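Here is a short briefing on one protein model. Keep the sequence and the 3D view open as you read.

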Amino acid sequence: LVKFDFLGLKTLTVIDRTVKLVKENKGIELDIDNLRLDDVGTYKLLSSGNTNCIFQLESSGIKELLRKLKPETFEDIMSVVALYRPGPLQSGMVDDFIKRKHGKAPIKYELPQLKDILANTYGVIVYQEQVMEIAKVLAAFSPGDADVLRKAMGKKLPEEMVVQRERFIEGAKKNKVEQKKAEKIFDLMANFAGYGFNKSHSAAYALIAYQTAYLKMHYPVEFMAAVLTSEMADTDKVIKYIGECRDMGIGILPPDVNESRKDFTVISNKIKFGLAAVKNVGEAAIDVIIRTREEDGQFASMIDFCTRVDLRKVNRRVIESLIKGGAFDFTGAKRAQLMTSLDKIMDMSQAVQKDRDNGQISIFHANVGGKSVGLAAIELPQIEEWHEAQLLSYEKEALGFYITGHPLEKYASELKYLTNADTDSLKEKSDDEDVSIAGIVTAAKETNTKKGDRMAFITVEDLKGFVEVIIFSDVYKKAVSYFSGDVPIIVKGKVDKGEEHIKIIANAVYPIAEAKLGYLAAQAKGIGVNAVHIKADAAGLEADSLEKVKSVLSSHSGSAPVYIHILLDDREVVISVSDDLMVVPSEKFVKDIEALLGDRSVVVNTKR
């Protein structure tokens with residue numbers, strides 16, 4: 001009998017939706033099950049480690065493995081899936097695999113017969129099927145016997161292992177393999193079999209990983225629209241993936257009652273927000289909006305919209321959310337104007353609908369070309385648009401996210417030297433590690449300690465997600481004025497990796513604007529910076545990488561000491577750079593180093 005596992009993978013829906021969007025927008029019929037498996041761009045994407053949204057390859061650890069391994073073949077992707085597990089990682093097997101692939105360690109085979117079996121994995125036993133094949137080739141095991149051996153090795157059954165060892169050695173001797181060599185190979189198999197992975201499982205997962213990477217590489221807008229639709233109900237993930245879109249240069253458009261569908265779609269190579277993601281807009285309201293515009297054409301104004309849709313299902317609460325979310329921006333009217341006029345528009349529209357139901361024609365309504373058209377009979381008040389903070393706040397209220405902008409965006413370049421983490425990278429940090437992140441306060445809960453002192457739990461949101469910050473009484477007094485969420489802040493503190501969620505225990509909270517001014521003033525005077533730390537992964541360094549780093553240091557001469565952290569396989573080596581290479585860590589300096597060593601390879605420790 002053959003056993004099948006049918007997995008309910010959300011990723012398959014993402015792939016299907018992407019293929020449909022590609023056909024709809026570009027007229028390209030993708031045969032997703034028969035993609036070429038040698039696409040250079042796909043392997044370039046995987047090797048960069050920019051694998052958010054890629055099946056099985058999103059964790060920080062596996063991104064690091066991809067950057068070190070630099071997959072070039074489908075077999076390499078399979079190996080990544082199989083190797084990224086505690087056993088192989090802790091045994092040193094992964095490092096050996098990477099060194100062999102890049103020619104930094106010789107590929108050895110105990111016997112020539114093993115080359116055909118282990119060539120695709122650089123002489124390393126990675127899969128259970130390889131153990132079985134070795135037993136069949138060297139010791140003449142039948143497929144059934146080889147499977148018994150695989151189970152014994154995988155489950156480490158001592159008594160069975162003694163029996164299997166004897167059988168293997170005897171079989172190998174009959175094939176003219178020396179006993180000592182047979183014993184060595186069996187022990188090698190037994191060692192690796194404990195970490196062995198099922199190759200067919202790895203191949204199936206690697207194929208889905210390749211397909212998603214291919215789509216992200218060649219059809220990024222359609223792919224990210226499909227991803228956002230699949231995660232629409234998970235606010236944290238939507239924020240993370242909207243941040244990913246920004247990093248990829250993909251524009252996110254607010255919802256629009258004329259263009260949006262229920263799900264995220266693609267318009268003019270940008271992602272259009274789906275109506276289902278607007279709060280307070282339920283399925284019934286969406287169905288009415290879409291059906292009305294399909295039957296009678298697009299809406300000319302908000303008055304036209306309100307007179308044509310069924311206001312029993314598209315009620316005031318729904319329309320308010322649509323205004324705040326930007327769904328009527330196509331009219332050219334300011335959101336503040338529409339909100340101020342909503343009462344009048346609703347009253348008029350309800351009167352029009354009532355007359356229409358009674359077979360009467362309203363003076364505010366006409367029939368043009370056989371089509372019912374609402375007339376712009378209300379003059380909108382001449383008032384200013386909501387100021388930016390209010391506009392974004394309402395947008396966040398309606399959508400759960402910032403779409404047309406984010407309070408942190410104006411500080412994007414400064415964050416690289418004012419912070420050393422974001423909410424997405426916090427999971428890579430160690431417990432009790434010092435971090436500094438930027439964000440805005442989206443929620444605050446104040447309480448008293450047992451001693452009667454005030455403290456708070458706040459939620460801080462950045463471009464990638466949320467994190468809870470614990471503010472004890474010694475920091476509370478200075479921090480409390482920033483709880484309103486109007487001011488983007490920096491939080492410095494220590495990582496607290498609890499059982500359920502990562503938190504930060506704050507030791508300082510202050511506005512980004514203040515930090516930026518202080519930093520620039522200190523930079524101008526050549527003071528205020530404790531040290532500059534440059535991180536370089538040894539596996540990714542080219543022969544002349546450090547010489548290029550030295551050249552950058554020389555061209556940004558200043559008074560801040562520099563430390564270079566070389567990340568090796570098993571340890572971190574810190575080099576204190578000589579005083580004649582101290583720097584001024586300007587934005588240009590950070591960009592120059594990151595161009596050589598990758599994003600967030602520079603951390604600037606400032607005095608405060």
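A residue counts as buried when its relative accessible area is under 20%. The model is predicted. With that cut-off, V221, E222, F223, M224, A225, A226, V227, L228, T229 and S230 of helix α13 are buried.

**Helix α13 and its neighbours**

- Ten of the eleven residues of α13 are buried, so the helix is largely enclosed by the rest of the structure.
- What do the buried residues of α13 pack against? Their partners are the helices α1, α12 (199–218) and α14, together with the strands β1 (252–253), β2 (265–267) and β3 (270–272).
- The axes of α13 and α14 come within 10 Å of each other and cross at roughly 170 degrees.
- Angles over 145 degrees count as roughly antiparallel, and α13 and α14 are therefore roughly antiparallel to each other.
- On the α13 side, the contact is made by P220, M224, V227 and L228. On the α14 side, V238, Y241, I242, E244, C245 and M248 take part.
- The residues of this contact divide into nine nonpolar, no polar and one charged.

**The cavity**

- The structure holds one cavity of 30 Å³ or more. The volume of the largest cavity is about 60 Å³.
- Its lining consists of I239, I242, R246, F401, Y402, H406, E461, D462 and L463.
- Which helix gives the most to this lining? Helix α14 (residues 235–248) does, with three residues.
- By type, the lining of the largest cavity has five nonpolar residues, one polar and three charged.

**The second largest pocket**

- The second largest pocket has a volume of about 750 Å³.
- This pocket is lined by 27 residues. D236, K237, K240, D424 and K427 lie nearest its centre.
- Two or more lining residues come from each of α1 (10–26), α13 (220–230), α14 and β8 (466–471).
- Helix α14 supplies the largest share of the lining, four residues.
- The lining residues divide into eleven nonpolar, six polar and ten charged.

**Y122, a buried loop residue**

- Y122 sits in the loop between α7 (115–118) and α8 (128–139).
- Is Y122 buried or exposed? Its relative accessibility is 15%, and the cut-off for buried is under 20%, so Y122 counts as buried.
- Leaving aside residues up to four places away in sequence, Y122 touches D76, F97, R100, K101 and I107.
- Y122 and H102 are 20 residues apart along the chain, and their C-alpha atoms are separated by 9.8 Å.

**Two loop residues with positive phi**

- A140 is not a glycine, yet its phi is positive, near 60 degrees.
- A140 lies in the loop between α8 and α9 (143–155). With a relative accessible area of 58%, A140 is exposed.
- N280 also has a positive phi, about 75 degrees, although it is not a glycine.
- Where does N280 lie? Its place is the loop between β3 and α15 (283–296).
- N280 counts as partly exposed, at 37% relative accessibility.

Key: Residues numbered from 1 in each chain as written. Predicted model: local features only at pLDDT ≥ 70, side-chain atom pairs only at ≥ 80, totals over all residues. Heavy atoms only, no water. 1 Å grid on protein atoms, 1.4 Å probe; cavity = no way out; pocket = protein on both sides within 12 Å on 5 of 7 lines; lining within 4 Å. Points joined across faces, edges and corners; volume = space filled by probe spheres on them. Nonpolar A, V, L, I, M, F, W, Y, C, P; charged D, E, K, R; others polar. Buried < 20%, exposed > 50% of the residue type's maximum accessible area, 1.4 Å probe, protein only. Contact = heavy atoms within 4.5 Å. Axes fitted to C-alpha atoms, helices over the stretch in contact; angles between N-to-C directions. Parallel < 35°, antiparallel > 145°, perpendicular 65-115°, else oblique.
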